[in-house]
Amino acid sequence: MAHLQLKHIYKTYGDGTNAVEDFNLEVRDKEFIVLVGPSGCGKSTTLRMIAGLEEISSGELLMDEVLVNQLKPKDRNIAMVFQNYALYPHLSIYDNIAFNLRLQKVAKKEINRRVVRIAEILDLTKYLNKKPDFLSGGQRQRVALGRAIVRDAKVFLLDEPLSNLDAKLRMQMRTEIILLHKRLQTTTIYVTHDQTEALTMASRIVVMNNGKIMQIGTPHEVYEKPQNIFVADFLGSPPMNFFTGILTATGLQINDILLKINPEDVSLLSDKGYLQKELVVGIRPEDIWHGQLEKETYNATITVSEMIGSETMLYCDLYGNPVIVKLHTIEKFRADDSIALQFNMDKVHFFDKETEQRIFSM
């Protein structure tokens, strides 16, 4: 397969705008890397630079220790799957999958062997004589994957390949792509703006914003220990709750509320100079509970209650502070009801108010 290194990669346009800025990433052989971030963050531009479809303004792109900046796309041994499938509507599924092999003048017998094998893997055998218009969106996406796989490329690049599918098909295709990667063990870089895809599919996630890397880590690392407020807010559905207040000897003073903090955390924060200073505390909706009487609770007012299957989302007002709560219950709650909330203080995250960076890791 392949080992990729991106060293200080920039993409700068004529007006001086950096679409990608100082991008550094090592992709290990057989990894499944996901680039995730909001629209316009530079993730697709990065993918296109790897493919050779966009010129690298500065920096080095190495594949198996060989500099490939100047190599043409066809010489990089990379296969790319696009968002819109890019199938030829006048060709059969067989011919769509075989198209690049014919351009490479692969022997007819070998082409047939590869196409038949890939069709079996992707459950497309009975559609090989059909045209793309005959297939569903999920089946067309499998054809696009098949056209990439059949080349036996060193690297697969996938640019938001599931964004045109409905929710059920996206979930099904996520599973198929994960299983396909386990079977083929091909180095893969996958671009998406969908955090669920990133968290469920990746070996490691690269979170991007404004052309820069915000954090690189396993799904568990970036979710449990976000390195800044952007990552904490971007990953998670619903998003993390944030409170800004003054650190005291017993907790965080947020307007009229004293949010009590574990003594060991207060000590660590004090040692770093945050006592009597503003900081930001983050806590995820699933780490706020419907309070128990024997625990420290905070009274809030429910503004909106949403039952989503076996879970209930509560949008609350806590003395003027909006709070989202995610409960694993189908208990009925009503707007304007009062509710006692309990915070799991072992799960809180602390961020510097000015830099928005994580203060320490738990």
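Residues are numbered from 1 along each chain as its sequence is written, and side-chain values rest on heavy atoms, with hydrogens and water left out. Because the model is predicted, local features require pLDDT of at least 70 and side-chain atom pairs count only at pLDDT 80 or more, whereas totals for chains, interfaces and linings use all residues.

The protein chain is divided into domain 1 (4-234) and domain 2 (241-352), with bounds taken from an automatic or database domain assignment. The C-alpha centres of domain 1 and domain 2 lie 39 Å apart. The contact (heavy atoms within 4.5 Å) takes 7 residues from domain 1 and 7 residues from domain 2. Between them the two domains bury about 700 Å², with 57% of that area on carbon and sulfur atoms; buried area is the accessible area (1.4 Å probe) that two parts lose on being put together, summed over both. On the side of domain 1, the most area is lost to domain 2 by Tyr 223, Ile 229 and Ala 232, together 63% of what that side buries.

An unreviewed UniProt entry lists residues 4-235 as "domain: ABC transporter"; UniProt positions are given in the numbering used here, feature names are shortened, and annotations may be inferred rather than shown by experiment. This span is 36% helix and 25% strand, and its end C-alpha atoms lie 26 Å apart. Helices (H or I, at least four residues) and strands (E, at least two) are DSSP runs, numbered from the N terminus.

Grid points are joined across faces, edges and corners, and a volume is the space filled by probe spheres set on the points.

The largest pocket holds about 500 Å³ of space. Its lining comprises 20 residues, with Ile 78, Met 80, Phe 82, Asn 100 and Arg 151 nearest the centre. Strand S6 (78-81), helix H2 (93-103) and helix H4 (137-149) are the elements giving two or more residues to this lining, and S6 provides the largest share, 4 residues. By class, the pocket lining has 15 nonpolar, 2 polar and 3 charged residues. Ala, Val, Leu, Ile, Met, Phe, Trp, Tyr, Cys and Pro count as nonpolar, Asp, Glu, Lys and Arg as charged, and the others, Gly among them, as polar.

The whole structure contains 1 cavity of 30 Å³ or more. The largest cavity has a volume of about 90 Å³, and its lining includes Phe 32, Phe 156, His 181 and Thr 188. At least two lining residues each come from H4, strand S7 (155-159) and helix H5 (167-184), the largest share, 4 residues, being from H5. The cavity lining divides into 8 nonpolar, 3 polar and no charged residues.

Most residues other than glycine have a negative phi, and most peptide bonds are trans. The peptide bond from Ser 237 to Pro 238 is cis, with omega near -5 degrees; Pro 238 is placed in the loop between helix H8 (229-234) and strand S11 (241-247). Asp 22, in strand S2 (residues 18-27), has a positive phi near 50 degrees.

Note on methods
1 Å grid on protein atoms, 1.4 Å probe; cavity = no way out; pocket = protein on both sides within 12 Å on 5 of 7 lines; lining within 4 Å.
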